[in-house]
Amino acid sequence: MLIKEPADIASSEITPRSGYEWYMSRRKFLRNGAAGAAAAGVAAVGAERLAEVLDPRISALADTKLQTVKSPLSTTGETLTSLEDITHYNNFYEFGVGKDEPAKNAGSLPTRPWTVKITGKVKAPKTFDIDTLLKLRPLEDRVYRHRCVEAWSMVIPWVGYSLSELIKQCDPLPSAKYVQFLSYFNGKVEKWASQSNINWPYSEGLRMDEAMNPLTLLTFGLYGDVLPNQDGAPVRIAVPWKYGFKSAKSIVEIRFTDKQPPTTWNDLSPDEYGFYSNVNPEVDHPRWSQKTERRIGLPFYAQRKATLIFNGYADQVASMYTGMNLKRDY
C-alpha cells in the first residue's frame, strides 16, 4: 500500500477563510442571539428564519472545535472545496431531494444525546455514546476526494479516525464477513421520509476487508469542527474510493453479518447502484457517463475532470478486488 506523506500547507491555503468565518459567525449568532432577537422584536425576520433562530437543536455543536493531528493518509495536491459548498450542496434524502434542502431542513436532527449500537455477529452487543467514540482514538485531519454517483465531486477535509479502530473494539466473530450501517430515522423529524418509496432507515454496507481498510474513516467533523447536520452529524463514514452514497450518514447502528446486507440504493435500483459502487470510469450509470466529473466550486472552465479509477486511491485499495470483474461487480 502506498501512503503519501502530506506537505505542510498554510492554513490560508487549506481553508477558504471567507466562507468558513461567515458560516461559523452565523451559527454563533443563531445560538447566542436568539434571546435578544426575540426580545427586540422579530417582525422583519420571517417565519422560517425565526423558527431557525429559536430552535436550539439547529447546529447546536457547529462551532465546537475538534482537537486533531495530521494524518499520513491525507490526500495532497488538491484545492479544497469551500465550507459553503460542502454544507449547501448535499445528498441527504431524509431531508429533501434538492441539493439545498438538507441545509434548510436538517436542523431538526437531534444530535445529542447520541448512541451507536453494535449488533449482529459479535461476541456481545455493545452501545457507544458519541463522546466515547470521539475519545476512542486521536482525531485526524484527512483530506479526501469525494465522488458522487451523479458525476460531481468535491475535496473535503474530514476529521475522524480509521473505522478499523472501532471495529477492533466491537469484537466481531470470525463469521462476520460484512458490516452494515443503519442511519437515524424518525418520520416526524425527517422531511422527505413520508413522500418516498425508500425503505427507511437508510442502510449501507461494506465487506469486512473494505471496512478494515485504513482509508475507511469514521467521521466526526470537517474543517476542524463537528459535522453540520446536513453532512451527517454527529457520526458518519467516508469511503473515498466509492461513490458518495456508500458513506452512510448519521449512524445509529453498526451490524456485523455473515451475508451481504441489504443496502438502500442497491435494493431500490440494482441496475443503477451496485453493492460495491467503486468509482470506475469504465462503468457508466445507465443514464449518464462516469468518464468525467464536475468539481463543485471551481471556476466553470476548470470544473470538468477525468474520473480516476477508485477515485485515485487504487494504490491503497485495488488489491482487495484482485480477480473480480469490476464491470459485473460494480
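Strands S6 (residues 178–183) and S7 pair in the antiparallel sense over 5 bridges, where two strands count as paired if DSSP finds at least two bridges between them. Helices (H or I, at least four residues) and strands (E, at least two) are DSSP runs, numbered from the N terminus. Keep in mind that this is a predicted model: local features need pLDDT of at least 70, side-chain atom pairs count only at pLDDT 80 or more, and totals for chains, interfaces and linings use all residues. Residues are numbered from 1 along each chain as its sequence is written, and side-chain values use heavy atoms, with hydrogens and water left out.

- Gln-180 has Gly-205 in S7 as its bridge partner.
- Which residues of S7 sit on its two covered faces? Ser-203, Gly-205 and Arg-207 are on one side, Glu-204 and Leu-206 are on the other, and all are buried.
- S7 belongs to an open sheet of 5 strands with mixed pairing, in the order S3-S2-S11-S6-S7.
- The edges of that sheet are S3 (126–129) and S7, each of which pairs on one side only.
- Ignoring direction, neighbouring strands in this sheet are turned by 20° against each other on average. Axes here are lines fitted to C-alpha atoms, for helices over the stretch in contact, and angles run from 0 to 180 degrees between N-to-C directions.
- S2 and S11 pair in the parallel sense over 4 bridges, and Gly-120 stands opposite Phe-256 in S11.
- Helix H8 (residues 163–170) lies across S2, S3, S6 and S11, and runs at about 140° to S3.

- Lys-242 is in the loop between strands S10 (236–238) and S11 (251–257).
- Is Lys-242 buried or exposed? Lys-242 counts as buried because its relative accessibility is 2%.
- The side chains of Lys-242 and Glu-210 are joined by a polar contact of 2.7 Å. That term means a pair of N or O atoms within 3.5 Å; within protein, one must be able to donate a hydrogen and the other to accept it, and residues adjacent in sequence count only if both atoms are side-chain atoms.
- Not counting residues up to four places away in sequence, Lys-242 touches several residues, among them Arg-147, Leu-206, Tyr-276, Ser-277 and Tyr-321. Contact means heavy atoms within 4.5 Å.
- Ser-277 sits in the loop between helix H10 (264–268) and strand S12 (292–295), and it counts as buried because its relative accessibility is 4%.
- The Ser-277 side chain reaches the backbone oxygen of Gly-274 at 2.6 Å.
- Apart from its neighbours within four places in sequence, Ser-277 is in contact with Lys-242, Tyr-243, Phe-245, Lys-246 and Tyr-330.

- Phi of Ser-277 is near 50°, a positive value in a residue other than glycine.
- Ser-250, in the loop between S10 and S11, has phi near 45°, also a positive value in a residue other than glycine. Ser-250 counts as buried because its relative accessible area is 1%.
- Trp-200 and Pro-201 are joined by a cis peptide bond with omega of about 5°, and Pro-201 lies in the loop between S6 and S7.
- The bond from Ala-233 to Pro-234 is cis too, with omega near -5°; Pro-234 is in the loop between strand S9 (225–226) and S10.

**Whole chain and confidence**

- The protein has 11 helices and 13 strands, and 53% of its 330 residues count as buried.
- Among contacts with a separation of 6 or more, 72% are between residues 24 or more positions apart.
- The mean pLDDT (the predictor's confidence in each residue, from 0 to 100) is 85, and 80% of residues reach 70 or more.
- Residues 1–62 stay under 50 in pLDDT, and the model has 72 contacts beyond four places in sequence for them. Where pLDDT is low, the predicted coordinates should not be read in detail.

Notes
Buried < 20%, exposed > 50% of the residue type's maximum accessible area, 1.4 Å probe, protein only.
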